[in-house]
Amino acid sequence: MKSNKFNLPDNNGFFGEFGGKFVPETLMYALEELENTYNELKDREDFQKEFYSDLSNFVGRPSPLYFAERLSNHYGSGSIWLKREDLNHTGAHKINNTVGQILLAKHMGKKRIIAETGAGQHGVATATVAARLGLECHIYMGAEDVKRQSLNVYRIKLLGAEVHAVDSGTATLKDALNEALRDWVTNVDDTYYIIGSVTGPHPYPMIVRDFNSVVGQELIHQSKDSFNSMPDAIVACVGGGSNAMGIFYPFIDIPETRLIGVEAGGNGISTGEHAAPLNDGTPGVLHGARSYLMQDESGQIMDTKSVSAGLDYPGVGPEHSWLKDIGRAEYVAVNDDEALKAFHEVTELEGIMPALETAHAFAYLGPLMKELPDTANVVVNVSGRGDKDINTVAEIDGIKF
Amino acid sequence: MNRLTTTLNNLKDNNQKALVAYLVAGDPDLDSTLDLMHLFVESGVDIIEIGVPFTDPIAEGPTIQKAHDRALKNNISLKMIFDLVVEFRKINDQTPIVLMGYLNTFISHIDLVESTSIIDSILVVDIPGELSLKDYGITNPNINTISLISPTTTDNRVELIAKNSTGFIYYVNLRGVTGSSNLNIDEIKNNIQKIKKHSDLPTLAGFGIKSANDAKMLAECSDGVIIGSSIVEMINESSNSKEFARIGEYLKEIKQAIS
């Protein structure tokens, strides 16, 4: 149990002034139904047993905490440890949440599963758990992302789900979310919406965080075993923020651990072409929650820019906004070119090819390791593996297959 | 008493049903919107509902989404919509105007909303109905809070929402986005009766009304109807010629059907 200060959200779904339930009336009952189901099940022994059994036998948890020796030497001071979420079944942290939410869907008797996806990892993770239970599954994906993540699109189709390319707006993750919400409004009686990040209306930011916080819980034990103390810093990339929230949350009450979220700086914060609302946004309401947003002075949501489809989102989970405002977590940004450089560096030095999203977290090690003492233990959350990004990276490097 | 309450009271006294017509401000351009607003009134429309364009209109079907996109290409802001209504009010000071949109655009221009006397109500699609506009800093006494009640609204929420509403209650006819089809008249009838137990306010029915016949059936179990997507579609079809007379004929036909 967290101390009272961190035991959020409150009953209305707020983390301080962030969060809430800003949805059309038709969805209110569905959110209440979900919240009631979750509150009833979450601490029940049989539910916990089923969830942790799936995490261990289907996902392959716990994921290792791996000492990155050559990367540590490369930076010359401190020890860099990798929390290997890339080794999970389907290749990213996203599966932790979908394994949990599909259990909720099963208990609620829902026959139809929908989800939005950016990089495609959440789409794959959702299609995977739906296939396992034999449930009809529809994945909404921005048409732009369908193009740049064609490998994951095909994986989703192989898993028996239908991919709906979304053309509206900017044809990226935010528009996929819009379309998934519209599907849910229409088919609310028999449909379960598995939101893939700590975003959206209450209770989603709480549920997704809770299911993903298995990552941070494991890390507490692994840190003791590996270096006999708590980490000096944890670094994670932040788009919607689910991998970061999952690893941060169990550490919120451990003040000696710095929590550092890395947003997508795109072409650079000063150019305005980025996806870093915590660095350069203002509070507003989008997709059911109040949080920091990329918006213009009229409250219109701005286009975002990032080489990484999974970070290319104008909002961020409300709990991150709150952690930023109370000063418990730090949020920085890393540009496309720095992330790409880190992608190559980690692949070559460690034999681990990170997702472009994850590469943003790695790219911040440069400035971070310089300011930390040689005794520091730093954990990078390796949120996903990079196979899905090979086409994007090859294209940037001018290589045609 | 504001224009909306006056109009709804008059309709009730004369045993008439309300016709509410929707368009998106700035689609295809602001001059056309102004012309259309006057055409609406000439064609029997009692209340004008102006859609405030937003980049992420989650409750809208494809027809109205595209209208929002077209308006945003014209850089339509809430300020420009208020200026448009100023122009409209130079000729018409009676017809109530409801702004329908999403919370983020309204809270970004709260100063405009707080000081207006030319707008009569704001309908925010994405705020929970048990909260009122006051909870978001909108305290202007001239502004009515119109809340939505849908087929999935539970009984205890109907009571809470009814208590918080002023002006009228907007009953959403179906599970779905604007412009959907398949109206279930029996369900609508039952739900509106349920609302009536908790509120004396007029209850108007919207979403999915595509013809004069739909409007006629719904007017029989409600205090009026709201027509949106079918008008927006016709506006788009005439966006080059700017000949909107056909829309006037359509609205007259609906007004006739619900009278």
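1. Start with Gly206(B): its bridge partner in strand 9 of chain B is Ile226(B). Keep in mind as you look that this is a predicted model. The pairing behind that contact is between strand 8 (residues 203-206) and strand 9 of chain B, parallel and over 2 bridges. To get from strand 8 to strand 9, chain B passes through helix 9 (residues 212-221), and this β-α-β crossover is right-handed.

2. Strand 9 of chain B also pairs with strand 1 (residues 18-24) of chain B, again in the parallel sense, here over 4 bridges.

3. Is strand 9 of chain B (residues 224-227) covered or open on its faces? Both faces are covered. Gly224(B) and Ile226(B) sit on one side, Val225(B) and Ile227(B) on the other, and all of them are buried, meaning under 20% relative accessible area.

4. Over in chain A, have a look at the open sheet of 6 strands, ordered 3-4-14-9-10-13 with mixed pairing. Strand 3 (65-67) and strand 13 (329-335) are the edge strands; each has a single partner strand, so one side of each lacks a neighbour in the sheet. From one strand to the next, the twist averages 30°.

5. Within that chain A sheet, strand 4 (residues 79-83) and strand 14 (residues 377-381) run parallel and are joined by 5 bridges. For a landmark there, Ser79(A) stands opposite Asn377(A) of strand 14.

Conventions:
Residues are numbered from 1 along each chain as its sequence is written. Chains are lettered from A and ligands numbered from 1 in the order in which they are written. This is a predicted model: local features need pLDDT of at least 70, side-chain atom pairs count only at pLDDT 80 or more; totals for chains, interfaces and linings use all residues. Side-chain values use heavy atoms; hydrogens and water are left out. Buried means under 20% relative accessible area, exposed over 50%, partly exposed in between (1.4 Å probe, protein chains only). Two strands pair if DSSP finds at least two bridges between them. A crossover is right-handed if, with the strands pointing away from the viewer, the path from the first strand over the helix to the second runs clockwise. Axes are lines fitted to C-alpha atoms, for helices over the stretch in contact, and angles run from 0 to 180 degrees between N-to-C directions.
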